[in-house]
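Please keep the sequence and the coordinates in view while reading.

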Amino acid sequence: MEEAKAVKENPLDIDSSSFSPDVYLDCLLKCATLKQVMDKEAEIVTQSQFLQSEMQTLVYENYNKFISATETVRKMRSDFKIMQEEMNKLSENINKITTFSSQISENLQGSGNNVRRLCGTRQLLDKLQFLFLLPSQLNKAIAEGRYSDAVQDYSHAQRVLQKYGNQPSFQSIQTECSEIIFELKKTLRERLISPNTSATELAESVALLRQLQESDSSLQDIFLSCAESRLDKHLQMLSSIAEHTDILDWVEKCNNTLLADLAIIISCYNEMFEQEAIIPEFADKIMIQIFHLFEEVIKRPENNGTEMLIRGLDKFFRKLQAMTEISSSDMMSSKGTEVVIQCINHKAMVQYQSIQTQFKDSLMKVRQSLASKGSETIDLKDILNSLQVYLMQKIQASLLDLMAFLQNNLSFGLKPWCAKAVADACSKVINETMANLSDLVKKMACLQTSNNNIPFELLLILAKLCLDMQETGVSTLQNHLLKLLEEAAPGLTVDNKDTSSVMVHLSTAAQTALDSEVVFIGQTAAQMLRVSVLARDWLRAPEPRGPRAVCRRVVETLASADGAASQLFPTSIKPSSDSSRRTIWSRAPSSFSPLNRIFSERIEVFSPAGADRAALSNGALKVALKALVECVRLRTFGRHGLQQLQVDVHFLQQRLSCMGNDERLLNALLEDALASAQLRCVDPQLMEPSIVDIICERG
């Protein structure tokens, strides 16, 4: 504050009120040079001229404003004077008008009373004319079909006729009108019974009869009976066209005829009668028949197209929603929801049935190609991949097709119950497809067991397909379904579906197919060995020159199955030790004694096959070689017969040791066969192992 005050009282500040020219000049002469003094003088002169010019400008502007204000005041005085004169004239004119109006009112008071009396007389004459012309007007309106106008005219005159009908001048009019109205009631009742009466005309007839004082109880019965008769005609028409009309046309006809008439009947009934407890039962009875017909329509193959089905369903559901607002029935709303869910489930059923049919056709083609392959080598892995991709694509396409029920423009597309129904239907498509696949594989495995007309390669492919679907396929489809539902219905909470039963079905089907393939290959090789052993005379057999041809065919059969299994299933063959490769005839004869065989490890021939190349080969080997053992036990051998079997067993050991992963099993079965032959040989003399090797190599 002190500094600001000091600045304000500075005598050297030219803008301050305490400026002192003498002090400022003395200070300037003492502190500045001559040039600075002259420059300061020029600056002060320039500023003085500038300030003087601004002052002149402000003076001129204020003077002009003062002149303009003076002229405006002068003009306003002149205008106010004119307006005052006009207001005075207007006041004088209003006073004159008021005076003249009072005079006119006094003069016309008597005439006004006469006019009012004449208007009342005219109205009375019009009423009398209306009453006298009423019979002819009623007849004319009835003849032209304007029943509502006739009832309105009669109701309008009814009060007068009831009040003055006993007078002679009105008695004839009342009698004639009563006869006409009686005929009108009769006509309206005939109109109710007529089958050609529309729902609007039906409601109109009932309303007119009510205005004519007909009892409500009889009208209710007549109204509902006639309405039911007319709706039955619509039902018969819709039932007759259901077999040869697509769903869009059928729904269009149903909405425009039956449902439209039913809506009119319900609305009119609620407006005319107070007892509303009857109409919901009546509507429910009709709607049950409509829903039954709709179910028949959607089940026709021509209506399985998704777009057509959804469009027809959307129109039907919209009409049901409008009907629900009119009717107080809860059944209509719940049944509408049920119809949508039923259509979704029906579409899902059509989808997985179509997948099943198309997959069967694909399997038939694969089966034909495998049956006609001959000696050609077919890539089973490629066939498996194509079948798996085909099945997955079909299922995914079906899931995407069902998502069409969740479109935003549909009347039911955004409903939570609809999204849940679609999710359940999609899960059902996945589960039913997997169940059908399992049943199909089991059926083909049973056919293979019964008549051997299924290629064993196909069983391997189906078993591997079931295992792959169990491991990754089902989970992939479930994840794909969740992704589709998240896109189509955001915010929907879907419960995790239990797929354990599906997994069990797939696992059981795969095991059945593998077991059937193992038994088929094993029995095929066993049949060859059985025939060759039982048909040969081993007592008189010649000296062995090489392994028999049947051994080569057995090896080829088992090798073919092992090669097919190697394309589809993992290999876990363990490297054999030298001790396991020693020849079985190098052991002492005592090792083949019955006592040792009693305490040897029991071999389970028909045990479940594993999903492994070695396990499949082991299973087939057990079946084939066990049959060889049993057949050998039924024959009697000579020395050369025993030696021939020795050569065959050595050949089988050499060729079959590369299959499976259990050479002990192979050696045990071959040991058992050779030991059984030794026990049943009349001269049990085996050849030297080196000689057997030479014969097998030469053969």
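The sections below go from the basis of the model to the chain as a whole, and then to selected residues.

## Basis of the model

This is a predicted model, in which local features need pLDDT of at least 70 and side-chain atom pairs count only at pLDDT 80 or more, while totals for chains, interfaces and linings use all residues. Residues are numbered from 1 along each chain as its sequence is written, and side-chain values use heavy atoms, with hydrogens and water left out.

## Overall fold

The protein chain has 21 helices and 0 strands, these being DSSP runs numbered from the N terminus (helices H or I, at least four residues; strands E, at least two). Of its 699 residues, 39% count as buried, where buried means under 20% relative accessible area, exposed over 50% and partly exposed in between, with a 1.4 Å probe and protein chains only. Among contacts (heavy atoms within 4.5 Å) between residues at least 6 apart in sequence, 79% join residues at least 24 apart.

## Nonpolar core

The largest nonpolar core has 145 residues, and those with the most contacts inside it are Trp 250, Phe 294 and Phe 316; such a core is a set of buried Ala, Val, Leu, Ile, Met, Phe, Trp, Tyr and Cys residues joined through side-chain atoms within 4.5 Å. Helix H14 (residues 456-488) contributes the largest share of this core, 16 residues.

Leaving aside neighbours within four places in sequence, Phe 294 is in contact with residues including Trp 250, Phe 316 and Cys 343. Cys 343 itself counts as buried, at 0% relative accessibility.

## Helix H18

Helix H18 (residues 613-632) has 20 residues and reaches 29 Å from its first C-alpha to its last, close to the 28 Å expected at 1.5 Å a residue, the expected span being 1.5 Å times one less than the number of residues. Because 17 of the 20 residues of H18 are buried, the helix is largely enclosed by the rest of the structure.

## Salt bridges

The count comes to 15 salt bridges, each defined by a side-chain nitrogen of Lys or Arg within 4 Å of a carboxyl oxygen of Asp or Glu. Arg 318 and Asp 314 meet in one of them (3.0 Å, N to O); both lie in helix H10 (residues 306-326), 4 residues apart, about one turn of the helix. Arg 318 is partly exposed, with a relative accessible area of 41%, whereas Asp 314 counts as buried at 10%.

Another salt bridge joins Arg 545 and Glu 543 (3.9 Å, N to O). Elsewhere, salt bridges that share partners join Lys 626, Glu 630, Arg 633 and Asp 672 into one network.
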